[in-house]
Amino acid sequence: MTTPLTVDQLEPRLGRLTLIDVRSPGEYAAGHIPGALNIPLDRLDHALPALRSAAARSQLAVVCAAGQRALNACARLDEAGITALVVTGGTNAWTDAGRPVDRVAGARPVWAMDRQVRLVAGSIVLLGLLADRARPGARWISAAVGGGLVLSALTDSCALGTALGRLPYNRPRPGTPTLDDTLAAIGG
């Protein structure tokens, strides 16, 4: 079971625990909790040995934008026998509380992954319905996206989010620590 950690509880513990940010490198570069290390959710399995080692030395806490990806990460860590805390409300709660974030020099704001998914899925659905007027049957594109969203909700995964995470604006910015840098920092 994952234990929640509020931003008020997190702040005084920042130097004593390992904080893992599971957002995309672009989201991380645009603003992250000071001291957080970036391991994107889609690379978490690759980092399990280093995370296991880090958890043996200090407590792990996991954060994302609002909390859902961090909960998913904690569930995967739990399956691997690694205990981690989840930051309630994520980086959004941290900034909403007026706390500072670190940014990679030159990074520009990037929409949170869930917002990107809603934009792309909604656009495809709308375009499929509009295209159906000119090309009957195109509405099935919209139906396929709807089915994909239902499957995403049922499996608590997101293929569209994974695909969007590979786009250039979600990739690491110059100066953003790479996954190898992060794994070295936590001793993996």
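How far is the sulfur of Cys-74 from the closest cysteine sulfur, and which residue holds that closest sulfur? In this predicted model, the sulfur of Cys-74 lies 9.3 Å from the one in Cys-64, which is too far for a bond. The protein has 188 residues, of which 41% count as buried, and its secondary structure consists of nine helices and five strands.

**Overall layout**

- Read from the N terminus on, the elements of the protein follow the order β-α-β-α-β-α-β-α-β-α-α-α-α-α.
- The C-alpha trace of the protein spans about 60 × 35 × 30 Å when taken along its principal axes.
- When contacts between residues at least 6 apart in sequence are considered, 71% of them join residues that are at least 24 apart.

**Nonpolar cores**

- In soluble globular proteins, nonpolar side chains tend to be buried together.
- The largest nonpolar core here is made up of 23 residues, and those with the most contacts inside this core are Ile-39, Leu-51, Val-62 and Leu-77.
- Two or more residues of this core come from each of helix H3 (44-57), strand E4 (60-63), helix H4 (68-79), strand E5 (84-87) and helix H9 (179-185), with H3 giving the largest share, six residues.
- Leaving aside its neighbours within four places in sequence, Val-62 is in contact with several residues, among them Leu-19, Ile-20, Val-22, Ala-73, Cys-74, Leu-77 and Val-87.

**Cysteines**

- A disulfide is a covalent bond between the sulfur atoms of two cysteines, and a search of the whole structure finds zero disulfides.
- Cys-74 counts as buried because its relative accessibility is 2%, where the cut-off for buried is under 20%.
- Cys-158 is likewise in no disulfide, since the nearest cysteine sulfur, that of Cys-64, is 13 Å away, whereas a pair would have to be within 2.5 Å.
- With a relative accessible area of 27%, Cys-158 is partly exposed.

**The pairing of H6 and H7**

- Helix H6 (residues 113-134) and helix H7 (residues 139-155) have axes that come within 6 Å and cross at roughly 155 degrees, and because angles over 145 degrees count as roughly antiparallel, H6 is roughly antiparallel to H7.
- The crossing in which H6 passes H7 is left-handed.
- On the H6 side, the residues that meet H7 are Ala-121, Ile-124, Val-125, Gly-128, Leu-129 and Asp-132, and their counterparts in H7 are Arg-139, Ile-141, Ser-142, Val-145 and Leu-149.

Terms used. Residues are numbered from 1 along each chain as its sequence is written. This is a predicted model: local features need pLDDT of at least 70, side-chain atom pairs count only at pLDDT 80 or more; totals for chains, interfaces and linings use all residues. Side-chain values use heavy atoms; hydrogens and water are left out. A nonpolar core is a set of buried Ala, Val, Leu, Ile, Met, Phe, Trp, Tyr and Cys residues joined through side-chain atoms within 4.5 Å. Buried means under 20% relative accessible area, exposed over 50%, partly exposed in between (1.4 Å probe, protein chains only). Helices (H or I, at least four residues) and strands (E, at least two) are DSSP runs, numbered from the N terminus. Contact means heavy atoms within 4.5 Å. Axes are lines fitted to C-alpha atoms, for helices over the stretch in contact, and angles run from 0 to 180 degrees between N-to-C directions. Angles under 35 degrees count as roughly parallel, over 145 as roughly antiparallel, 65 to 115 as roughly perpendicular and the rest as oblique. A crossing is left-handed if the near helix is turned anticlockwise from the far one by less than a right angle, and right-handed if clockwise.
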